[in-house]
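Subject: Structure for you to look at

Hi,

Here is the structure I said I would send. Please open it before reading on.

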Amino acid sequence: MSSPMSRRNSCRGGICGNRASSECHVRRRGSSCSYFSSGAPSEDFSVSLSQPIFTITLRFLLAIDLWLSKRLGVCACEESPWGSIRPLVRLVELSGHAIPWLVGTLYTLLRGETVVEQEIMLNLALALLLDLLLVRAVKTLVRRRRPAQSRSDILSTFFVERYSFPSGHATRAAMCARFLLAQLVDTASMRLLVLAWAALVSLSRLLLARHYVTDVGFGLAMGYCQYSLVERLWVTWDCLQDLLLMRLGERLNRI
C-alpha cells in the first residue's frame, strides 16, 4: 500500500511531465516557422567606434531593415500571426509572377485585332524580358541572401530564387503599372485599381517574408525607371517590319 508522500511525488511527477510535454510541443510548433524562431540565423550588425562613419550608418540602416522586415513577415508560415490569410496573399503574389504576364502578353499579341494593339503588346513583352534580364544581373552582382523561409513551404524550395536584392515582383509591378497607366488605362477607377494591385503585390513579398524592405523599395524604384527606358527603346510595328525585311534581303543577297 503506497504512502501519502509517494502519492504526492507521483502526482507532482505527472504534472511536471505534462508541463514538459506541452512545452516541448509548443517549441516544436514554433520552430516549424524558421522566420520567427529564436534559433534562426541572424546577421551580425555589431559596430565599433573605430569603423568609418559610412560603415556605421550602413550597418545601422541594415539593422533597421532586418527588424522592420521581421515585423512585417506576418504570413511567413501557417503558424504566423496572420497565417490564416496566407493562401490569399500567395494568390496576390502569383498575380505578379513573370510567367502569367508573359503568357498573357503573348496570347494578346497573337490575338490582337489592330496594329496598335499588337504594337503595345509587343513592347510589353519586350519590357518584361528586359525586366527579367536587369533583375537577374543586379541579383547576380549583389548576391544578397533571402530571409529565412518556412521549412513547411515546399513550393518555395523549388520556385523561389536564391538571391533577394532587388525584388523581381516589385520591379515588375511598378513597370507594368506605369506601362498600363500610360498605354491602356484611361479611367480614374482603373488607374486606382492598377496602383492598388502594384502596392499589394509588393506588400505580399514582405508579408510572406520573401524579401527585405530595401529589396522591395529598390525594386519599385528600379521598375519605375525601367519604363522610361522602354519608352526610349519603343519598337513600332513599321520599324519591326522594316528590320525584318532588311534581314531577309541580306540573307537573299548572300544566297
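This is a predicted model: local features need pLDDT of at least 70, side-chain atom pairs count only at pLDDT 80 or more; totals for chains, interfaces and linings use all residues.

The cores first. The largest nonpolar core has 22 residues, and Trp101 and Trp197 touch the most other members. Five helices each give at least two residues to this core: α4 (98-110), α5 (115-142), α7 (168-183), α8 (188-207) and α9 (213-232). The largest share comes from α7, with seven residues.

Look at Trp101 in detail. Leaving out residues up to four places away in sequence, Trp101 touches Ser95, Gly96, Leu124, Leu128, Arg172, Cys176, Leu180 and Trp197. There is also a second, separate core of five residues. Val74, Val89, Leu207 and Leu208 are among them.

Now α9. This helix has 20 residues and spans 30 Å from first C-alpha to last, close to the expected 28 Å. Its buried residues are Asp215, Val216, Gly219, Met222, Gly223, Gln226, Tyr227 and Val230. Viewed down the axis of α9, the buried residues fall within an arc of 155°, so they line one face of the helix. They pack against α5, α7 and α8. On the other side of α9, Cys225 and Arg232 are exposed.

Last, a leucine. Is Leu193 buried or exposed? Leu193 has a relative accessible area of 52%, and the cut-off for exposed is over 50%, so Leu193 counts as exposed. Leu193 lies in helix α8.

Best wishes

Technical notes:
Residues are numbered from 1 along each chain as its sequence is written. Side-chain values use heavy atoms; hydrogens and water are left out. A nonpolar core is a set of buried Ala, Val, Leu, Ile, Met, Phe, Trp, Tyr and Cys residues joined through side-chain atoms within 4.5 Å. Buried means under 20% relative accessible area, exposed over 50%, partly exposed in between (1.4 Å probe, protein chains only). Helices (H or I, at least four residues) and strands (E, at least two) are DSSP runs, numbered from the N terminus. Contact means heavy atoms within 4.5 Å. The expected span of a helix is 1.5 Å times one less than its number of residues. The arc is that of the directions from the helix axis to the C-beta atoms.
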